[in-house]
Every structure is written in C-alpha cells, then in structure tokens.
Amino acid sequence: MTTPVLSVRDLAIDFSVGGERVPAVHAVDFDLHAGEVLAIVGESGSGKSVTSLAVLGLLPDNATVTGRILVDGTNVVGASERDFAAIRGRKVSMIFQDPSNALDPVFTVGYQIIEMLKRHGQGMSGAERRARAVELLRMVELPDPEDRLGYYPHQLSGGQAQRVMIAMALACDPEVLIADEPTTALDVTVQREILDVLRRLQARTNAAILLITHDMGVVADLADRVVVMRAGRIEETADVRSIFTAPRAEYTRALLAAVPRIGTGDRGTAALAEERPVLEVEGLVVEYRNRRGRHVRAVDGVSLHIRAGEMLALVGESGSGKSTIGKSVLGLAPVAEGRVVVVGVDLRRASRSEARAVKKRIGVVFQNPTAALDPRRTIGQSIGEPLRVHLGLRGTELAGRVSGLLEAVELPSAWSSRYPHELSGGQRQRVAIARAVALDPLLLIADEPTSALDVSVQATVLDLLRRLQQQFRFACLFISHDLAVVDALCDRVVVLHRGGIVEEGERRRVLTAPEHDYTRRLLAAAPVPDPDEQARRRGEPLAG
Amino acid sequence: MIRFVGRRVVELAIVFVGVTFIIYVMVFTLPGDPIAALGGDRPLPEAVQAQLRAQYHLDEPVWLQYLRYVGGLFTGDLGTGFDGRPVGDRMAARWPVTITLALTAWAIEVVVGVVLGLISGLRSGGLVDRTVLVGTVLATSIPVFVLGVTAQLVFGLQLGWFPIAGTSEGWPTAYLLPAIVIALFGLASVTRLMRGSVVDTLRSDFVRTLTAKGMPRRNIVGVHVMRNSVAPVLTFLAIDLGYLLGGTVVIEAIFNLPGIGALLFDAIKTHEGPTVVGVATALILIFLATSVVVDLINSVLDPRIRHE
C-alpha cells in the first residue's frame, strides 16, 4: 500500500471556553490515499468540521490540538503560520459550504484565482496566469470562462460560485482537497452538477478528497470509504458498500434508518371529509418590485386547495415561489391577483376583524427555530403568548394549557421556565410547533420545518407532526425541497417551478411515476443513500 | 456607470433647489426689519428705506426674490451685502482659513482614525483596543469649547508649543491645535466605525477562504480586509467633512480665526440675508459634492453598488 497523502493519528481537539476545556474531538485516526474520496459523516457536534479545519490550521485561537496530522509525511500539529502557509492551497486546499460568501465580494473572480497563482505558481508570467485561470474555469465547466474572469461573485449563482471555489482550490494541483459540506447550501439539481464536476475532476487530477457531509446520499454518490463520527469520536470506518449494506456500529444503523427514502414507507392516504376545503387558493399571482422598479412575478397563477386532515406538500427549488405562497396565505406577500380563501373567508376581501379572526386559526412553523423564538423569553412565555393575546388566558389556566402543549410535543412540562438557548435545535423546533398549535389551528403552514435539523432529529420531528395532525386534524401546507421528507409525511404533492405548478397529484403517483420532466429531474437529482443505486444512475460500475 | 452618475446629479439638483429655497425663505421671514435696523437708534427716513428696499428687491414677493437669487448664482453673482460689498468677495476672503482648518482636521481623522481603528479591530480586546475605547468615550463626552479653551491654556499659554490665537504664523503651526480639537469628535467615530467594520470583515467566510488559499496575512489584511472595511467609514468621513467646514463657528471664535464660520455668525446677527444664504448655499454645495464623490468612490470599491 502506498503512503497516505494525509494521515491523522490520535487527534484530539479541545476548546477553552470561559476558562473551561471543552473537548470537541477525541482519538481520531484515519488515512487518506491519493485518488481516494474519504467521507467523514456525522451530525452537528460530531467534530467532523473541526477535524477538517485542524488539517489546515484554521481553528480559532482558543483551540488546542494534540496528536499528529501528517500531510505528505510532515506533522502539522503545532506548526507555525509560516509552515502552514507552505501547505495551504499548495498541498491541501479547501472548499466550503456557502459559496456565495466564501469569495471576496469586492474583487473579480479572475483576480481571486490569479492572486492564488501569483502566491503559489512560481515563475509564471501574467499571461500564463491568466491562461491558467481560464483553463481552470473551463475545467469546472463554467460557460464562457474568459468573460467569467471579469465577473464579481454577486453576479454568479450559488452553483457557479462553488465551481469557482473548486477551480481556485485546484489551481495549484493540491494533493488533498477538503470539501466541507460542498453542496449543502445548493439546490438539488445544482448539487447534482457540482458532485458530477467533483467526480470528474477527481478522476482527472488524482487528488484525494476529504468530504465532510451530513448527507448520506452525497456519501453514497461520491465516497470510496467512510468515517462515521459522533460526539467527537469515530464510530466506524469502512468502505462505502459496507457502511450501507452491513454497518457495524449501532449508531451507523440508527443514522441510516433515520434517512427518509422515497417509496419505502407504505402507508394509507388519510380519509378526507367531503366538506369545503380549509384553504383554497385560486389564480394566485404575487409580484415583487425589484430595485429598478420592475415587477418580478414570484408566483404566477397558482391554484390549490387543502382539506381538513390533509397534508399538501409544496416542493420546488429556490426561487420556485413555494415560500411566497405560504407567505401569501399569511398576508405577508404582495398579492397582485387571485383569491386566498381560508374556511370560506376571502382574506383579501374580508374586513379587518374578520380576517383577524381567521388568521388566529392559522399556525406557522418556520425553518430556523432559533430565529423564530424570542431569546429573552422562556419557552413557556413563547408558547403562552397566543393564548394570552387571543384567548385572554391568565394564571393557572394559562400554565395548565402550556404544560399540556409541552407534553403534546413530547417535552417535559417542567421545562416551561427554560430559555431557548438551553434547548437543542430539535427541542426548539418542538417549542415552535407547540406555539403553532396552541390555538387549535385549522391550517398549519410549515415552511421547511426540518431543514435546519440533523437527520435523526428530523425523523422525530416528522413523527411528531404526523401525530399532531392526526390529533388536531388541521389542514397542513408543508413547504419543502426534500422529496423524501415529503414522501414520508404528505398526502398530495404540488411541484412548483419558476412560480408555476408543473405537476400535482397524489403523493405516490407523483413521486414514483412523475409525468412532468422537471419532476423527473428533481427525483433523479436527489442522491439516495445507496452506493449501487447511485452508480447505476451514473451508468458506471462501482470501483473496488 | 454613466446612468449611475446621471441619476446622482439629478438627485443633487433636486436637493440643492429644495434646501436653498428653505434657507432663503427662513432668513427673509425672520422677525425684525434689517433695513430699519441699519439706521441704529436714529430711524432712516421712509424714502431712504423704500429706496434701499427696492435696491435689494425686498419689496418683491419671496419666490421672485428667490428666482432672482438663483438666476444670479448661475452667473456667479452671490448677491450684495448691506455694506455694498459683493457676498462673493467677502466669502472668498474667508474660505482659505476655513478650508485649511477643516482639511487639516479631516486629514487627522482619516489617518489616525483609520489606523487606530484597524489596529483595534485586528487585535480586538488588546491593549490598544481598550485604550482607544476609553479615549473615544472621553473625546466624545467633552464639549468642544471646553476642549478648545483647555488646549489653548495648556499647549498655547503654559507650554507655548502653539500660538494661542490668530493665523499670523500660517500653516501648520497656527492651524494644528484648533484642527486637533475639532477633529477629536469625528476621530472617535471614525475609529469606532473602522474597528467594528474590521471585526465584522475578519469574521466573514471569505477571509477564511483566503487563509485556506495560503495568502499571507499581510495581503489578506492590507488588500481584502481594508477594501471591504473602509466603505462605511468613507461615508461617515464625507458627511464629517461637511460638518467640519460648517461647524467651525465655535472654534474660529475661540482661536480668533477669520474664517467662514465667523462670517456666518456675524451675518446672522445683522440679518444680512444674502450673506447667510450665500454661505449656507456654499456649504450645502460642498456637502452634496462630497457625498457624490463618496458614492462614486464607494461604487468603485464595491461592485455590488455599481451593479444595483
């Protein structure tokens, strides 16, 4: 066996926070060989990102690193800035999660690639550097690479910015490329393209890739070997097939079980009452004005309805208008045309008091529970607020209802005096859900409620939503980009593309036998946690 | 880019007309009759007053007076003072003093503020940062006339480093002390702004990318952090230049400098409409011009503004 290009031995990382040492990573060992893709998988707090940052010495000053990190045989633990400077970008380079913020906004793309070549590429003339920059952009399959050199980051889409990041990372032919959640901030079809680019480049340059991700589908798509981490420790290291077909660690099995997959859960569709739908949207048009005063249609003629006890999924990529439809129902978007009718009341025509009475019965859950809860109020106060304001409840009656709601979302009722920062992300989202159902809603709007959560937490929150819906029988508008989540939860699916509906129908029909091309593309783009299936989709055999 | 400049010029014209008109109306509707007051204790004969009113067009409606005034502006005529001298000449004699004072103060703000802000931002929580914090609080909490008189007493009288008053010794000795005194207030703001801006920029993702690229710290700070941090500071600096030019009334009085502030103060006391409007208009023009220049510089520094 060849010597690994990156070798980590007995790595431990502590952070000193307020005089205390908080361990983040402990006893981590792994090797990365040339031409290999090694994935480090784990949920938040597993130490996967911290480990990758340690390789390049990018940890903050309060971090203490012990053990050994051998880059090409040289230990970099405790190395000086000067030693790191010889490694960064030259032997090991890195791409990050959020490509739009990873590039300096005030310099052109060309400047940022060329400054890297100036730094590392000895003896290159100005013209050679420029030619190399164009070649790099061509390598990452960016159209019109010569023109793109003059572009500023804000003129690029997220996917294009990530291509530029990859081009820059590969500029000096590094031996190792660290990709920290490289596609997490991107739409699923864009993710597909970026993964393709990474795979093709890897085959061409023979660079080793250290892939940091939480997404088992991405692992199945790209990785050769997998390190599973939890709470700063390695749970299991194995080749990608074994991880998915014969996981040894208990945790790996639990992690895989929590990943939603399309077409696995067989469940009946909710029996629906024949009464009038709770939400009727007809011919909805939403227009925003952009900075030049032109009208931009975010939603263009959308009609849909949801009955009591039904869960309707709105799926689409960013810019499809799915969140805007949710906002229109809440009266938070500039509706230009169309009707939004909730329990028979047209919200655009109704009197103010009538509309308020109806809106009281609409609950909302947003993507980020941390931002949705007031950090200075206890969770009991947050949950109790709608009860106080709308029902005028006070004292023990209020406290009783709040603890009932906390129990309904499976949190101890004694927690009502805790503050949001004392809770985990999943627990906070439960609080947000408790608040949303406090007034016994007829309609619940859930906008990406599990997208910010770890996969194992996501599974429990989805369970909770399903259970609450059976209990309260509200109509639910479930907005999501994740088709597998939708499959696990919803009854009907509406697929949106550029503000319009491209396909609508019963969940199983849409997700297993899509009629529209765009739906098929969406389904094909989402990587599934199965290496064989991913290899089949690519039409190539799995190596090894 | 041309459209951007064009739009700014149109905006500038609208603001100019609006503001000069308001000042004009305000000055000419002040209580008291400036013509009657010219005679002092001995009232002027009615016929002389009427003749003077006609000469200065004070018998016409305000809007017509204003149009006449603006018309004159375009031919370089700023009107005539009650002493018969053209306002333009009176201002021309005073401008050099004020401009020298303001620019000296401004240069101190730019150099010292940006440098101190950068250092405190790079080593936030360090000794320089904490000293600067205390210093800026002190500088902003002492009124400018207290500071002025104290500086005069200590550095002028007791230590004898600078002249106590007047412009006879010329630049820089005569201007340095008053410039430092008026610069202190703005200097504190510039430093705090720059510090905050640098701290924010250092936290951004692209700085991490640059480090991961292997760029030397010198380059990251000197090129990338500086250019990203300086834009908000620049906006403040431009506004502050206008403030320095117009706000020198107190300091010119303390240090007995014959500048535009002193002229404005006298003109307000004697209800000399044309002079007040002339000085105010000139200040507004400077203010507007600097804001356009700053917008242009900002749009060069930040492509996102350019492509808006």
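**Figure 1. B:Phe155, partly exposed at 30% relative accessibility, in a predicted model.** The ring of B:Phe155 pairs with that of B:Trp161, their centres lying 5.6 Å apart. The planes of these two rings are at 40°, so the pair is tilted. B:Trp161 is exposed, with a relative accessible area of 55%.

**Figure 2. An edge-to-face ring pair formed by B:Phe21 and B:Tyr66.** Over all chains, the structure holds five aromatic pairs. In the pair shown here, the ring centres of B:Phe21 and B:Tyr66 are 4.8 Å apart and the planes stand at 80°. B:Phe21 belongs to helix α1 (residues 2-28) of chain B and B:Tyr66 to helix α4 (residues 62-74) of chain B, so the pair ties together parts 45 residues apart in sequence. B:Phe21 is partly exposed, at a relative accessible area of 34%, whereas B:Tyr66 is buried, at 7%. Ring pairs also bring B:Tyr24 and B:Tyr69 into a cluster with B:Phe21 and B:Tyr66.

**Figure 3. Arginine residues over aromatic rings, A:Arg148 with A:Tyr151 and B:Arg227 with A:Phe107.** The charged end of A:Arg148 sits 4.8 Å from the centre of the A:Tyr151 ring. B:Arg227, from chain B, lies over the face of A:Phe107 in chain A, at 4.5 Å from the ring centre.

Figure 4. A:Gly363 has a relative accessible area of 4% and is buried. Leaving aside neighbours within four places in sequence, A:Gly363 is in contact with A:Ala436, A:Pro441, A:Leu443, A:Leu444 and A:Ile445. A:Ala171, 192 residues from A:Gly363 along the chain, has its C-alpha atom 50 Å from that of A:Gly363.

Terms used:
Residues are numbered from 1 along each chain as its sequence is written. Chains are lettered from A and ligands numbered from 1 in the order in which they are written. This is a predicted model: local features need pLDDT of at least 70, side-chain atom pairs count only at pLDDT 80 or more; totals for chains, interfaces and linings use all residues. Side-chain values use heavy atoms; hydrogens and water are left out. Buried means under 20% relative accessible area, exposed over 50%, partly exposed in between (1.4 Å probe, protein chains only). Contact means heavy atoms within 4.5 Å. Rings of Phe, Tyr and Trp (its six-membered ring) pair if their centres lie within 6.5 Å; planes under 30 degrees apart count as stacked, over 60 as edge-to-face and the rest as tilted. Helices (H or I, at least four residues) and strands (E, at least two) are DSSP runs, numbered from the N terminus. A charge sits over a ring if NZ of Lys or CZ of Arg is within 6 Å of the ring centre and within 35 degrees of the ring normal.
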